[in-house]
Amino acid sequence: TGELTIKAQKFIHLTKCLHPLPEKFHGLTDVEERSRRRYLDLIMNEEARKVAFMRPQIIRSIQHFLDSKGFTEVETSILSPILGGASARPFITHHNTLDKDFYLRIATELNLKRLLVGGMERVYEIGRLFRNEGMDASHNPEFTTIEIYQAYSDLRGIGDLTEKLIRNAAKEVTGSAIVKYGDHEINFKDPFKWISMNDLIKEKCGIDFKEVKTYEEAKKLADERDLHLDKFKNTVGYVMNEFFEEFCQDDLIQPTFVYEYPIEVSPLTKKEKDPRFVQRFELFVNGKELANAYTELNDPLDQEERFLAQLEAKKLGDEEASEMDKDFVEALEYGMPPTGGVGMGIDRLVMLLTNQAQIREVILFPTMRDR
């Protein structure tokens, strides 16, 4: 027949399959079972294999891009004696020898900044973080991020770096900086939009929070729109952030840097000229946060005040508030250069570049509920 034929003269049985594979016509389609039994998913589903191999390609692309810009990849500790670097609920574990509780890290930020103080002026870390929070289409309790810090940069500089990094990864891995995601085409090719949080709220809700002077006034605006406020959200800045999250962020489909955040929700960020706000952006794509960046706070006195404010929020019931990190404040007292820093979710970037709607599709072994 003209086909290649093999004449086997010896046959060695390497291993037994004790279960029949899912039949070929329907395959393995139950999402829960695919995530629980990833080995079967990889056997049966071409799309699952494609994502599994594309993820490391995306990470390599990011590493090569940053290495070419003079950055150094580092590793920092996962166990931390102090909760800090982000706003999140932690996982807690116990060290038997020290007879002391530790947190699984919720961020790599504070240790990477210590390296900046030590003279490592361009550093990044790709690694697992752990947050004891809900699970949904875009959240897994353990997830991978990259945090990047560049001395003598600022919010605009780190935004430019972030934009080029994402554009480069999209082109290298998918062949184009315009990628299909669900019903949308996400355009990473053109310059990303910048808009302040206040201007965005003005566009959507007709409210100028820079003109709102008292919490009572802000609370009234929230009540008029049935916005629930936790007890510790007792300032204009907290209410402003709630308005943004409730009414604005879901509509940000194309890449958008939202900047000028209220100081209350940004304890590690340098102030704007208006001290109610800080030099921070979050990058939104398809209505979800992809990256979070600051012009980093390098004033130890200001930093100590922010930590104290976080402790007060914790007393009022904020389970995500940071603790006082005296060693970090002391590190800043030795002098950290002006710095731009950004953290980005690797899983969410992989979701965007592989057109996956569920985070569990891009994590080989996601956290699952019991059967």
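Charge comes first. The protein chain carries 51 positive and 65 negative charges, and their mean positions lie 5 Å apart. These values come from a predicted model.

Along its principal axes, the C-alpha trace spans about 85 × 55 × 45 Å. The accessible surface of the protein chain is about 19700 Å². Carbon and sulfur atoms account for 50% of that surface.

Next, the fold. The protein chain has 11 helices and 13 strands. Its contacts reach across the sequence. Take the contacts between residues at least 6 apart: 65% of them join residues at least 24 apart.

Then the interior. The protein chain has 371 residues, and 49% of them count as buried. In soluble globular proteins, nonpolar side chains tend to be buried together. Here, the largest nonpolar core holds 43 residues. Within this core, the residues with the most contacts are Leu66, Ile146, Ile148, Ile166, Phe188 and Leu283. Helix α5, residues 155–174, supplies the largest share of the core, with eight residues.

Finally, look closely at Leu66, one of the residues with the most contacts inside the largest core. Set aside its neighbours within four places in sequence. Leu66 then touches Phe71, Tyr124, Ile146, Ile148, Leu161 and Leu165, with contact meaning heavy atoms within 4.5 Å. Two of these partners, Ile146 and Ile148, are also listed with Leu66 among the residues with the most contacts in that core.

Note on methods
Residues are numbered from 1 along each chain as its sequence is written. This is a predicted model: local features need pLDDT of at least 70, side-chain atom pairs count only at pLDDT 80 or more; totals for chains, interfaces and linings use all residues. Side-chain values use heavy atoms; hydrogens and water are left out. A nonpolar core is a set of buried Ala, Val, Leu, Ile, Met, Phe, Trp, Tyr and Cys residues joined through side-chain atoms within 4.5 Å. Buried means under 20% relative accessible area, exposed over 50%, partly exposed in between (1.4 Å probe, protein chains only). Helices (H or I, at least four residues) and strands (E, at least two) are DSSP runs, numbered from the N terminus. Accessible areas come from the Shrake-Rupley method with a 1.4 Å probe; for residues, only the protein chains shown count as cover. Lys and Arg count as positive and Asp and Glu as negative; His and the chain ends are not counted. The place of a charge is taken as NZ of Lys, CZ of Arg, CG of Asp or CD of Glu.
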